[in-house]
Amino acid sequence: MSDAAEAITRLVRPIADWPEPGVTFRDVTPLLQDPAAFRVVVDAMAQAAAELGRVDAVVGIEARGFILGAPLALQLSLPFVPVRKEGKLPAETLSTSYELEYGSATVEVHRDAIAPGSRVVVVDDVLATGGTLSAAGELVEQCEAEVAGNLVMIEIAALGGRDRLAGVPLTVLHAY
């Protein structure tokens, strides 16, 4: 087991039936409260990003993708691009809607946030059904850019999310 997987196993706590019955939420806040463990996770993501070749930006998905993506972008000396929930960005946006494990949502990115021809990594905390990462990938494509890879801390493998990401490299630090 990698150091990152060990930190995740030790510190990420499951919360049953949240935000609704039948869903097990993976609470990453205990890991974030441990600076050494948080560093191990960001370092593992930086190593995975480095293995993808040229990367021009880090895209983080609201909200916990911001927590992981921003320090990753700083470590890699790359721009950070937020993908936000609908109605949260002030300038002209591109948007797409998708289905979640427990509902549906729309995400947006500023139209000028990603330069055409760029290669980006998309970061989120959890891969469940794959809807959020797939939607972020659609936004990257709308910007005429390419997803070089998806980086997630946790995968809930039984939900089959990786199947929606076929053809795009995926790095998972720990799977449940």
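Start at Asp112, in the loop that runs between strand S6 (103-110) and strand S7 (119-127). Keep in mind that this is a predicted model. Asp112 has a relative accessibility of 66%, and because anything over 50% counts as exposed, that is its label.

Next, head for the nonpolar interior. In soluble globular proteins, nonpolar side chains tend to be buried together. Here the largest nonpolar core has 29 residues, and Leu31 and Met153 are the ones that touch the most other members. Which elements each supply at least two residues of this core? They are helix H1 (3-11), helix H3 (35-50), H4, S7 and strand S8 (146-155). H3 gives the largest share, with 6 residues.

Zoom in on Leu31 and set aside its neighbours within four places in sequence. What is left in contact with Leu31 is Ala7, Ile8, Leu11, Val12, Ala37, Phe38, Val41 and Met153.

On to the rings. A pair of aromatic rings is described by the distance of the centres and the angle of the planes. How many aromatic pairs does a search of the whole structure find? It turns up 2. One of them is Trp18 with Phe25, at 4.9 Å centre to centre and with 80° between the planes, so it goes down as edge-to-face, given that the cut-off is over 60 degrees. Are the two partners buried or exposed? Phe25 is buried, since its relative accessible area of 17% is under 20%, whereas Trp18, at 47%, counts as partly exposed.

Phe66 and Phe80 make an edge-to-face pair too, with 5.9 Å between centres and 90° between the planes. This pair links distant parts of the chain: Phe66 belongs to helix H4 (residues 64-76) and Phe80 to strand S4 (residues 80-85), 14 residues apart. Phe66 has 22% relative accessibility and counts as partly exposed. Phe80 is partly exposed as well, with a relative accessible area of 29%.

One last stop involves a charge and a ring. Arg26 lies over the face of Tyr176, 3.9 Å from the ring centre.

How values were computed
Residues numbered from 1 in each chain as written. Predicted model: local features only at pLDDT ≥ 70, side-chain atom pairs only at ≥ 80, totals over all residues. Heavy atoms only, no water. Phe/Tyr/Trp six-rings, centres within 6.5 Å; stacked < 30°, edge-to-face > 60°. Buried < 20%, exposed > 50% of the residue type's maximum accessible area, 1.4 Å probe, protein only. Helix = DSSP H or I, 4+ residues; strand = E, 2+ residues; numbered from the N terminus. Lys NZ or Arg CZ within 6 Å of the ring centre and 35° of its normal. Core = buried A, V, L, I, M, F, W, Y, C linked by side-chain atoms within 4.5 Å. Contact = heavy atoms within 4.5 Å.
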